[in-house]
Amino acid sequence: MKSSAFALGLLLMASPLQADTQPAASKVVVKPVLSTTVTSSGQPIVLPQKDAQVIVSTYEIPPGAVLPKHKHPFPRYGYVQAGTIEVTNLDIGKTETFRTGDFIVEAVDQWHFGANKGADPVKLLVIDMVEKGAVNTVLQK
């Protein structure tokens, strides 16, 4: 029994050494994209208070497309995988441009719309954090 514990201890001690001797090409590289506590319009980020559900979607927005005016009752996060999108927040009168590699922390409960004014499609990875079963896009009538 003691020899098993000793062997396990040696194995655990040797593991970090093996990780450090890996070739540089196989090392994991982490590059921060964004760290924030507020949305694009300066609101504090507040998570759903009950039964949180995460929904992950991809969007492809063709050149010239304009998204309808809408708002999100819960947090929505977007990562621009390709292209350039212009987002106009109608409630605060602010327009921002997001490009490939940018991360978007969308405004909550504020009317806005996006437009692809470029020549290439915009590809987004979108993450919604909602109360279970809720919809996170409300179109303006």
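Reading the pocket, the cavities and the loops

User: Which strand gives the largest share of the lining of the largest pocket?

Analyst: The general idea is that, on a 1 Å grid over the protein atoms alone, a pocket is an open set of points with protein on both sides within 12 Å along at least five of seven lines, whereas a cavity is a set of points where a 1.4 Å probe fits but cannot get out, and lining residues have an atom within 4 Å of a point. Strands (E, at least two residues) and helices (H or I, at least four) are DSSP runs, numbered from the N terminus. In this structure β7 supplies the largest share of the lining of the largest pocket, namely three residues. This is a predicted model, in which local features need pLDDT of at least 70 and side-chain atom pairs count only at pLDDT 80 or more, while totals for chains, interfaces and linings use all residues. Residues are numbered from 1 along each chain as its sequence is written, and side-chain values use heavy atoms, with hydrogens and water left out.

User: What is the volume of the largest pocket, and which residues lie nearest its centre?

Analyst: A volume is the space filled by probe spheres set on the grid points, which are joined across faces, edges and corners. The largest pocket holds about 240 Å³ of space, and among its 18 lining residues Tyr 59, Leu 67, His 70, Arg 76 and Glu 106 lie nearest the centre. At least two lining residues come from each of β3 (76–82), β4 (84–89), β7 (112–115) and β8 (122–131). For the classes, Ala, Val, Leu, Ile, Met, Phe, Trp, Tyr, Cys and Pro count as nonpolar, Asp, Glu, Lys and Arg as charged, and the others, Gly among them, as polar; the pocket lining then divides into 10 nonpolar, six polar and two charged residues.

User: How many cavities of 30 Å³ or more does a search of the whole structure find, and what lines them?

Analyst: The search finds two. The largest cavity, with a volume of about 100 Å³, has a lining that includes Ser 40, Val 87, Asn 89, Lys 94, Phe 98 and Glu 106. β5 (94–99) and β4 each supply at least two of its lining residues, and β5 gives the most, with three. The second largest cavity holds about 40 Å³, and residues lining it include Thr 39, Pro 75, Arg 76 and Glu 106; by class, this lining has six nonpolar residues, one polar and two charged.

User: In what sense do β4 and β5 pair, parallel or antiparallel?

Analyst: Two strands pair if DSSP finds at least two bridges between them. Here β4 and β5 pair in the antiparallel sense over six bridges, and Asn 89 has Lys 94 in β5 as its bridge partner. Their hairpin has four residues between the strands, and within this hairpin Gly 93 takes a positive phi near 70 degrees.

User: Which residue other than glycine has a positive phi near 40 degrees, and is it buried or exposed?

Analyst: Most residues other than glycine have a negative phi. Buried means under 20% relative accessible area, exposed over 50%, and partly exposed in between (1.4 Å probe, protein chains only); Asp 51 counts as exposed because its relative accessibility is 59%. Asp 109 likewise has a positive phi, of about 60 degrees, in the loop between β6 (103–105) and β7, and with a relative accessible area of 43% Asp 109 is partly exposed.
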